[in-house]
Amino acid sequence: MRVLLLIALCAGLGWSSSDSNQVKIETLMDNVLVLRVPKREGSSVYVPLTCGEAYQNQPVFWKKDGMELEPALQGNQVTVLVEEMDGGNYTCHLGPDGEYLNHTVILIQLDQHNGSVMLEEISSSEGHIHCSALNYKGSFHCTWTRKSSRSDATVLLVKAERYLEKITCELSANGSAIHCQDSSCPYKEEQHSISLTIYMRSYCRLEAYTKTFHLRDIVRPAKLPNLRNSDGTVFSWNYPDSWEKPETYFSLEFEVKVVPNRESCHSDDFLLQQNKIDETKFEVNVKTKRYVFCVRARDKHTMGLYSHWSHCTVNKHIVTC
């Protein structure tokens, strides 16, 4: 079946009218048109639709969201008036109650200055999408959180690329995360950034969330495994299995912290703190016999994100890791 075509009223990807507050029409994907409007109130635009060349001489009737239009709208090529946020799914049929032929979904995207209503902002620096990677092999994971008022919001489309090369992504079952694989060689210099756009839909509204980053910006080593204690005060650990090899080339540096018993590794109340340790062992020399030993790692050369803390709890002669 042919995809519904937008009648070209002027050259380029979109069309705008002087009496429509500069509303722009763009084709986002097959059977999906997006009206980009500067504001919610007062926007209106006539949108031309066609059922398809194959139905040029057929008795074509149109419905919106499964309901017949009043007055009836018929013909292979029609024009519909879309006001404010009143988009929808326009289907064409062979006769008033005939078989389905084709469809076009019309969605509304407000100017970016109108803000987000679908996703929670993580922080002003990170935006609405959090991305992380365990190493430089090209695999990365991104997550987001829907606002409680928009729990119905769904992912319509994901676009990821690096310098015009598409990156394959797979959406999670709950629609709140994606796992992507960049096929570029992980050992070459990362000259170009990754561009990721998540298109979210809620009813007739569309919002696009874009994030641009290098892998080196989001690499966070996994928690350090096999943390153990020997000789009472000497702690040791291993590189994560997921980290790049050889370890002599992809070196990690470690941060060690000793905090009072029952305190979190995130506590600012510490008994000892040591940064930039290269060895995978450390001897603790503090007076108290009750404390928490904490250690985490980051890429030594990029000095990027730290891993989450690994820790052992020391209660005199009892050590629990």
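**Entry 1: a disulfide to start with**

I began at the link of Cys169 and Cys180, which is right-handed, with 110 degrees about the S-S bond. Cys169 sits in strand β13 and Cys180 in strand β14, so I noted a pair that links distant parts of the chain, 11 residues apart. I remind myself that this is a predicted model. The S to S distance in the disulfide of Cys169 and Cys180 is 2.1 Å.

Are these two cysteines buried or exposed? I found Cys169 partly exposed, at a relative accessible area of 25%. Cys180 has 0% relative accessibility and counts as buried, because the cut-off for buried is under 20%.

**Entry 2: the sheet around that disulfide**

Next I looked up the sheet that holds β13 and β14. Four strands form an open sheet here, in the order β9-β10-β14-β13, with antiparallel pairing. Its edge strands are β9 (130–132) and β13 (168–171), each of which pairs on one side only. On average, neighbouring strands of this sheet are turned by 20 degrees against each other, direction ignored.

Then I followed β10. Strand β10 (residues 139–143) pairs with strand β14 (residues 177–181) in the antiparallel sense, over five bridges. In β14, I found Cys180 as the bridge partner of Phe140, and His179 opposite His141. On its other pairing, β10 meets β9 over three bridges, again antiparallel; there Thr143 is the bridge partner of His130. The hairpin of β9 and β10 has six residues between the strands, and Gly138 takes a positive phi near 100 degrees in it.

Which residues of β10 lie on its covered face? I wrote down Phe140 and Cys142 for the covered face, and Ser139, His141 and Thr143 for the uncovered one.

I moved to strand β7 (residues 88–94), which is mostly covered: five of its seven residues are buried. Strand β4 (residues 60–64) pairs with β7 in the antiparallel sense over five bridges, and Trp62 stands opposite Cys92. β7 also pairs with β8, antiparallel and over six bridges, with His93 opposite Tyr100. Five residues lie between β7 and β8 in their hairpin, and Gly95 in the turn has a positive phi of about 90 degrees.

In β8 (residues 100–110) I picked out Thr104. Thr104 has a relative accessible area of 3%, so it is buried.

**Entry 3: the other cysteines**

How many disulfides are there? I count five. With bonded cysteines counted along the chain, their pattern is 1-2, 3-4, 5-6, 7-8, 9-10. Cys204 is in no disulfide, and the nearest cysteine sulfur, that of Cys92, is 18 Å away. Cys204 counts as buried, at 17% relative accessibility.

I also looked up the disulfide of Cys265 and Cys294, with S to S at 2.1 Å. Its torsion about the S-S bond is about -85 degrees, so this disulfide is left-handed. Both Cys265 and Cys294 are buried.

Cys312 and Cys321 are joined too, with S to S at 1.8 Å. Their link is right-handed, with 110 degrees about the S-S bond. Cys312 is buried, at a relative accessible area of 0%, whereas Cys321 is exposed, at 52%.

**Entry 4: stepping back**

Last, I checked the domains. The domain assignment gives domain 1 (24–110), domain 2 (129–217) and domain 3 (228–320). The centres of domain 1 and domain 3, taken over C-alpha atoms, are 61 Å apart.

Definitions and conventions:
Residues are numbered from 1 along each chain as its sequence is written. This is a predicted model: local features need pLDDT of at least 70, side-chain atom pairs count only at pLDDT 80 or more; totals for chains, interfaces and linings use all residues. Side-chain values use heavy atoms; hydrogens and water are left out. Two strands pair if DSSP finds at least two bridges between them. Helices (H or I, at least four residues) and strands (E, at least two) are DSSP runs, numbered from the N terminus. Axes are lines fitted to C-alpha atoms, for helices over the stretch in contact, and angles run from 0 to 180 degrees between N-to-C directions. Buried means under 20% relative accessible area, exposed over 50%, partly exposed in between (1.4 Å probe, protein chains only). Domain bounds come from an automatic or database domain assignment. A disulfide is a pair of cysteine sulfur atoms within 2.5 Å.
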